[in-house]
Amino acid sequence: MTVLLDVKDLRVRFRTLGAIRAKLAGVADPFLDAVLDVSFQLRAGTTFGLVGESGSGKSTLGRAILGLTPIESGTIRFDGMAPMGLSGSALSAYRRNAAMMFQDPVASLSPRLTVKALITEPFVIHGLKDRDLDAEARRLLDMVGLPANFAGRYPHQLSGGQARRVGVARALALEPKLIIADEPTAGLDVSVQGEILNLMARLQRELGLTYLIITHNLAVVRHICDEMAIMYMGRFVECGPTAEIFANPGHPYTHGLLAAQPHPDPDRRRQDVELKGEVPSLARRPSGCEFHTRCPRAKERCSTERPEPREIVPGQTLRCHYPLLDPAA
Amino acid sequence: MSVPASDPIASAALPAGTAAPRGAGVFRQIARDPMGLLGLTLATLLVVTGLFADWLAPYDPIGIDVRNRFADPSWAHPLGTDNLGRDLLSRVIAGSQIALIVAFCTTFLAMIGGLVLGLIAGYGPRWLDNTLLLLFDSIYSFPYIMLALAVITLFGSSFFIVILVIAVTTLPAYARLVRTSTLGIKNSEFVLAERSLGARAPRILFRHIMPNILGPLLIIVSMDIPVVITVEAGLSFLGLGVPPPAPSWGRILNEGYSFIRQSYWIVIAGGLPLILATLGFTFLGESLRDIFDPKLRKRG
């Protein structure tokens, strides 16, 4: 399968203080890295899940891929071309082929526009004047399973699930190849979550879409993602096929996350891996492995030496000196 | 406002109290508030008078009749005549036209300018924001009389200069309001979503941000109309306003002030419409504000 999205050594940093203020306050490094050394490949037609706690850089990574947040260093290749640094027509073409669905289904819709105006906005923005906007609106609403009379509604008249469907319709308007979905199920009832996921799966089959799904809902990842990555403080700590990772988590953090999931069987005892403490501040990264402050398996070496990504099992890479599934151990 | 009242689905499904009332409903709501009704009546009276001033005025407002100087109110001259024998009722009626034109042109200019500059300051890069803020604050800190004096000394007095000076001095207040609202909206998810679709800054600003800040801006603007009317009268009183012989209310006041011993009618003729116009627009503006933005209401 062809690689649709190829991200290499991506780094996104934010300034925490202005240059002058940092000098005055004596802060030598007024930056924090929200995304650090992230590399992964997304194959066409597959679904990739990005998992992590709040503030781990998942959303920032998604936005950086779409060029909404400037990149400090690294490369993003989409369909063979490098979109970063692009401007004008090339960026416009990239934005036609890669769409994003945002976290809050209602807040991501411009409040003063009707549903029809919202879902046909992409045609207007990209200057596709030959399209019949009424027909397109009907086609898109039908595709996401909304009745045609929703075209005249305003966002505040929609329920969360309906607004999410409108978001899907807008993302699909220009028939993109890649869809980045930031928490597609957030704020929705469980039954509606299921509907939306089924809708997304159906559209993937019908249109050959590639998804990058950002979520902290492990159940969603397990159900629909072919591959997944776990982020901690802006880095990928583990990355690989979803089934493998759920079966054999290699990184202690992954293990902790998976073990923290509620289990429907009360008799099955939880494995005793509690994650202790809080996520450290991004402004003060721990030395060595960032996770060593909370890791139950941390040893001397973890606080001094930074682990580089290793492919422990074919396809499954992780950053850990002492992984849970070390064939050598 | 962008929501058309004719849309049956939209208006039927509006949850009570969340959306601003529109169309005929606004007038009904104003009429329910006695102050609002008074304001609406006075404002309408002024607008009608201003629009039809040329037909309503019984005499030529600048026609001199020296034999009839300082005439007391009579059936022929309901408000009397001034020092040159000009009919004061005609002058007051013609003055309403000037007051209205200045008020509407000025607030319109200031609103457009404030809107554009405020949007740019709020959405643009930091340095541009800081530069514009410095500009707004400089204008703000400058007394308008001083500015008017300087400009009129340099360029001479004209209708256009008066409008421009008042517009420039009121603009910063609007621009600041727009800037603050823009700052609040520019990082919202729907703006980010539009950016991800490839929308450029002008489209985001005018199609997605502007409709969301127009409501509060229009309320402030409507409440500024009486202020502008008084400012124009003030400038005319000082001789800095619309050049003679145009009968501005401020000028009538000024002339009446010089002859207050001979005839106190002149001051009343110039002052009363000014008071009524200011009160009328203020009441109307407050009533509108209460209707469109119940959160700003002071009394329960």
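Let me begin with a term: a residue is called buried when its relative accessible area is under 20%, exposed when that area is over 50%, and partly exposed in between, with a 1.4 Å probe and protein chains only. The structure above is a predicted model, in which local features need pLDDT of at least 70 and side-chain atom pairs count only at pLDDT 80 or more, while totals for chains, interfaces and linings use all residues. Residues are numbered from 1 along each chain as its sequence is written, chains are lettered from A and ligands numbered from 1 in the order in which they are written, and side-chain values use heavy atoms, with hydrogens and water left out.

I will start with the salt bridges, by which I mean a side-chain nitrogen of Lys or Arg within 4 Å of a carboxyl oxygen of Asp or Glu. Over all chains, the structure holds 23 of these salt bridges. One of them joins A:Arg13 to A:Asp33, with 3.3 Å between the closest N and O atoms. This pair links distant parts of the chain, since A:Arg13 sits in strand β1 (residues 3-15) of chain A and A:Asp33 in strand β2 (residues 31-43) of chain A, 20 residues apart; helices (H or I, at least four residues) and strands (E, at least two) are here DSSP runs, numbered from the N terminus. Of the two partners, A:Arg13 is partly exposed, at a relative accessible area of 21%, whereas A:Asp33 counts as buried, at 9% relative accessibility.

Elsewhere in chain A, the side chains of A:Glu290 and A:Arg285 meet in a salt bridge at 2.8 Å, N to O, and A:Glu290 counts as buried, at 6% relative accessibility. Both residues belong to a network of salt bridges that links A:Asp37, A:Arg235, A:Arg285, A:Glu290 and A:Arg306.

In chain B, the salt bridge that I would point to is the one between B:Asp129 and B:Arg179, whose closest N and O atoms are 2.7 Å apart. Because B:Asp129 lies in helix α6 (residues 126-141) of chain B and B:Arg179 in helix α8 (residues 159-186) of chain B, the pair ties together parts that are 50 residues apart in sequence. B:Asp129 and B:Arg179 are both buried.

Next, the aromatic rings. Rings of Phe, Tyr and Trp (its six-membered ring) pair if their centres lie within 6.5 Å, and planes under 30 degrees apart count as stacked, over 60 as edge-to-face and the rest as tilted. A search of the whole structure finds eight such pairs over all chains. The rings of A:Tyr232 and A:Phe291 have centres 5.1 Å apart and planes at 85 degrees, so this pair is edge-to-face. A:Tyr232 lies in strand β8 (residues 227-232) of chain A and A:Phe291 in the loop between α10 (252-259) and β10 (310-313) of chain A, so the pair ties together parts that are 59 residues apart in sequence.

What angle do the planes of A:Tyr253 and A:Phe291 make? Their planes are at 65 degrees and their centres 5.1 Å apart, so this pair too is edge-to-face. As A:Tyr253 lies in helix α10 of chain A and A:Phe291 in the loop between α10 and β10 of chain A, the pair ties together parts that are 38 residues apart in sequence. A:Tyr253 is buried, with a relative accessible area of 0%, and A:Phe291 is buried as well, with 1%. Ring pairs also link A:Phe40, A:Phe48 and A:Phe236 into a cluster.

The buried residues are A:Lys58, A:Thr60, A:Leu61, A:Gly62, A:Ala64 and A:Ile65.

Finally, the interface, where 26 residues of chain B are in contact (heavy atoms within 4.5 Å) with 31 residues of chain A. The two chains bury about 2500 Å² between them, 55% of it on carbon and sulfur atoms; buried area is the accessible area (1.4 Å probe) that two parts lose on being put together, summed over both. B:Glu189, B:Ser196 and B:Leu197 supply 26% of the area that chain B buries against chain A, more than any other three residues. Across this interface of chain B and chain A the rule finds three salt bridges, among them that of B:Glu194 with A:Arg170, whose closest N and O atoms are 3.3 Å apart.
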